[in-house]
Amino acid sequence: MSSATFLGMPPFPEAARTAVQDSRLRYNLRRATRTIRDKRGLVVDELGDDWARLRAEGAEIKNRTLRHLDHYLEQLEESVTRAGGHVHWARDAAEANRIVTGLVQATGETDVVKVKSMATQEIELNNALEAAGITAYETDLAELIVQLGDDLPSHILVPAIHLGRSQIREIFLEQMAEWGTPAPPGLTDDPRALAEAARTHLRERFLRTRTAVSGANFAVADSGTLVVLESEGNGRMCLTLPQTLISVVGIEKIVPTWNDLEVFMQLLPRSSTGERMNPYTSTWTGVTPGDGPREFHLVLLDNGRTDVLADTVGRQALRCIRCSACLNTCPVYERTGGHSYGSVYPGPIGAILTPQLRGTGSEVDRALPYASSLCGACYEVCPVAIDIPEVLVHLREEVAGRKGHAGEKALMAGAETVFSSSRTLGAVQRAAGLGRGLVPRHLPGPAGAWTDTRDVPDVPAESFRRWWNGRDGAQEEGR
Amino acid sequence: MSARETILARVRAALADVPDDEPVHRPRERTYLDSHAVGPTLEVLQDRLVDYRALVRRVPADRIGAEVAAALARRGARRVVVPPGLPGEWTAQVGVEPRTDSREAPLAVHELDAADGVVTACAVAIAETGTIVLDGGPDQGRRAISLVPDYHLCVVRADQVVDGVPQAVRLLDPSRPLTWISGPSATSDIELNRVEGVHGPRTLEVLLVEAGP
């Protein structure tokens, strides 16, 4: 029951090359992203000009919160504590995992149910719990599919978007029995039958598991309220039935006031699943005697977010409300899928968020700001107006300024030598013309990166100068 | 330094560019609309709920008891759970006495699972989005009772329905545990098509009570 990890994934260009050759993946993605784009378009247009006003307000609320985040963090802590919750602070993934593991161990339980949460994916909480002998059961349908298939999430909202119904049926038939209630033997690939199988598989577990782990879409500073939007009711099960609830929430999830939700509860469902409203939203403030968990723990997670905050251009990425509209609209994502981005945050937002959260120390993270054609569609659909292309270009500058690009600098210095002397240039061109059949489509070594997305142009049989001189017949070349 | 102090210090260092005298709170301007004037409130609510494949019936105020009994009979629901503050006349015509669940005397989760359905009122409903909000009040009960049984019959009074989301948010008390319900449980996780019926109640039926004469 090990969980897969993004660690050791190849960088984007390499992963994308494999992905675009997977015709089944491309079919699944095209179908799913088109469906959701159309739905989103309809419910956004329905609000007319008001959409732009809500979008501007959403961006402004988040901006202001980020610019005074220290104030709002302290206010949130106070509000949650006043309402009977416990607040913990985690500098990084390891610390968050230690805190959650300790809290679960204190309950004496070895099973936890989980509501889909990007933050716990990011810190790979399930692996940490497993190392401590605790099994985390994912309960969101798509997360369940990914967990049963020992797969990785490929989309923020629908982590199993890369799989079609027949693949999901196979995973259910093969794996459900190992984790609990098996799939019915005659299971078909009808989505209704698959949803029913998930209901049956998880039912008993919901009713008996005493500890739950969640994330949150919003944390309201003035009231201390946590908010989870969902569709299936698995969230309600986890947030309501267990005795202990542990929520891991990134520090950027804060909104200042309860009334700010009137903006985000319009922006998020319409942008995300393309619905006027998602089926279920739960809000809770601390603990309510006699209703829901008796104990509530909020773990506030930094894990690189303060690094993002320190970059005045990149900071806007923290406005993200994880709707995934930018993934669904991105021509690059539609062709490569989410796994190519090597992170739980794929697509355009992932391309700016991941390298900022993790830094640009690895090849994978350095490649991400280039995983875009800068077409700008992501900015157009973003409900909080994150200028993703602007941040991509900014991060490219940062990556290009690193000493890792010494090869490119050496190449340019070499070019200067060649181009500054017509004799040298002529000799190089002649040599190239003679060797033209030997030129590979893909350049070796560090120059290979350039040819990851381009083929090397054909080398002409003779240079323009040589052809011109020959036609003129007047002079020998190389003077 | 504790994690708390470290994170707050990192945040303050990261925000060195923010002027010290910039006000923390921004006056709310509300440039956006309270609602989007899409039509008569109750018609819009009904349309949205039907769009989510909820069952909706418009009923006069003096017929709530009869309609509740009729809905439960159509469903074949015999073991029915109610919150402690549900008006007695709403279930007076139901054949089998409903079981009352309360914070003080909660039913066990397996008893809720064995129930055929639950009847509740609501706190607020939002027409534009087809949303019913429960706030745990005495006529709505604990969150678990509207979750575990597979059938939820919800009585919505016309005077509880607002047009838009901002109007509803202003009426709600965040200190109460809230559940916003927009149709029966559903998923879009298989090829991004909406399919109704996963873990929450697979059937949501709404009795929309018209204002009395």
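How many residues lie between β5(B) and β6(B) in the hairpin that they form? There are four, and G130(B) in the turn has a positive phi of about 60°. The model described here is predicted. Its two chains meet through 62 residues of chain B and 75 residues of chain A, and one open sheet of eight strands draws on both chains.

**The interface between the chains**

- Several elements of chain B each supply at least two residues of the side that touches chain A: α1 (3-14), α4 (109-114), α5 (165-171), β9 (178-181) and β10 (186-187).
- The greatest contribution to that side comes from α1(B), with nine residues.
- By class, the residues on the side of chain B that touches chain A comprise 27 nonpolar, 19 polar and 16 charged.
- Strand β9 of chain A (residues 280-285) is joined to β9(B) by four bridges, and the two strands run antiparallel.
- Within this pairing, Y280(A) has I181(B) as its bridge partner.

- At its edges stand β8 (254-255) of chain A and β8 (161-162) of chain B, each of which pairs on one side only.
- On the chain B side, β5 (residues 124-126) pairs with β8(B) in the parallel sense over two bridges; A125(B) has V161(B) as its bridge partner there.
- Three bridges connect β5(B) with β6(B) in an antiparallel arrangement, and V124(B) lies opposite V133(B).
- β6(B) also pairs with β9(B), again antiparallel and over three bridges; here the bridge partner of I132(B) is I181(B).

**The parallel sheet of chain B**

- A further open sheet contains six strands of chain B in the order β1-β12-β7-β4-β2-β3, with parallel pairing.
- Its edge strands are β1 (55-60) and β3 (99-100) of chain B; each has a single partner strand, so one side of each lacks a neighbour in the sheet.
- Inside the sheet, β4 (residues 117-120) and β7 (residues 151-157) of chain B run parallel and are joined by three bridges; V119(B) stands opposite L153(B).
- Helix α3 of chain B (residues 64-75) packs on this sheet and touches β1, β2 (80-82), β4, β7 and β12 (203-210) of chain B. The direction of the helix makes about 160° with that of β12(B).

**Helices and burial in chain A**

- Chain A contains 22 helices and ten strands. Of its 479 residues, 51% count as buried.
- Among contacts in chain A between residues at least 6 apart in sequence, 75% join residues at least 24 apart.
- Helix α8 of chain A (residues 141-148) is mostly covered, with eight of its eight residues buried. Among them are E143(A), I145(A) and Q147(A).
- The buried residues of α8(A) pack against β3 (135-138), α9 (165-179) and α10 (191-208) of chain A, and also against β10 of chain B.
- After α8(A) comes D150(A), which has a positive phi near 45°.
- Helices α3 (residues 50-67) and α12 (residues 261-272) of chain A have axes that come within 10 Å and cross at roughly 120°; the crossing is left-handed.
- This contact involves L54(A), R55(A), E57(A), G58(A) and I61(A) of α3(A), together with V263(A), F264(A), Q266(A) and L267(A) of α12(A). In class terms it has five nonpolar, two polar and two charged residues.

**The nonpolar core**

- In soluble globular proteins, nonpolar side chains tend to be buried together.
- The largest nonpolar core of this model has 191 residues. Those with the most contacts inside it are I145(A), V248(A), V299(A), C122(B), V133(B), V156(B) and L207(B).
- Not counting residues up to four places away in sequence, V299(A) touches H88(A), A90(A), A96(A), I99(A), V100(A), I246(A), S247(A), V248(A) and V249(A).

Definitions and conventions: Residues are numbered from 1 along each chain as its sequence is written. Chains are lettered from A and ligands numbered from 1 in the order in which they are written. This is a predicted model: local features need pLDDT of at least 70, side-chain atom pairs count only at pLDDT 80 or more; totals for chains, interfaces and linings use all residues. Two residues are in contact if their C-beta atoms, placed from the backbone, lie within 7 Å. Ala, Val, Leu, Ile, Met, Phe, Trp, Tyr, Cys and Pro count as nonpolar, Asp, Glu, Lys and Arg as charged, and the others, Gly among them, as polar. Two strands pair if DSSP finds at least two bridges between them. A residue is buried if 20 or more other C-beta atoms lie within 10 Å of its own, exposed if 12 or fewer, and partly exposed in between; C-beta atoms are placed from the backbone. A nonpolar core is a set of buried Ala, Val, Leu, Ile, Met, Phe, Trp, Tyr and Cys residues joined through C-beta atoms within 7 Å. Axes are lines fitted to C-alpha atoms, for helices over the stretch in contact, and angles run from 0 to 180 degrees between N-to-C directions. A crossing is left-handed if the near helix is turned anticlockwise from the far one by less than a right angle, and right-handed if clockwise.
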